[in-house]
Amino acid sequence: MNTNAMNSKEQSSCTICGNTSAAGLHIVKSFICSSCEQEIVKIDVKDERYPFFVSRMKTIFYEPNANA
Ligand SMILES: [Zn+2]
């Protein structure tokens, strides 16, 4: 029996919510879990969490230490 064949997916820590999941998006050096991915897709700009998601997304696409 080969038990290693199905374990190719690594668990990653979500950049937005911090949860560890194997399902989601890898963007640059960051990871967004599938639940946050769904939130981002459907979130409204008037949602109180919208600024939080935007700020987290900025940390993904803009490296804070790029100009060190
Ligand atoms: Zn998440």
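Residues are numbered from 1 along each chain as its sequence is written. Because the model is predicted, local features need pLDDT of at least 70 and side-chain atom pairs count only at pLDDT 80 or more, whereas totals for chains, interfaces and linings use all residues.

The protein chain has two helices and four strands, where helices (H or I, at least four residues) and strands (E, at least two) are DSSP runs numbered from the N terminus. Read from the N terminus on, the elements follow the order β-β-β-β-α-α. Of the 68 residues in the protein chain, 10% are buried, a residue being buried if 20 or more other C-beta atoms, placed from the backbone, lie within 10 Å of its own, exposed if 12 or fewer do, and partly exposed in between. Among contacts (C-beta atoms, placed from the backbone, within 7 Å) with a separation of 6 or more, 18% join residues 24 or more positions apart.

Helix H1 (residues 34–42) contains Glu37, which counts as partly exposed because 16 C-beta neighbours lie inside 10 Å. When residues up to four places away in sequence are not counted, Glu37 touches Gly24, Leu25 and Ile32. The C-alpha atoms of Glu37 and Ile16, which are 21 residues apart along the chain, are separated by 9.5 Å.

Helix H2 (residues 50–61) has twelve residues and should span 16 Å at 1.5 Å a residue, and its end C-alpha atoms, 17 Å apart, agree with this; the expected span is 1.5 Å times one less than the number of residues.

Note on methods. Contact = placed C-beta atoms within 7 Å.
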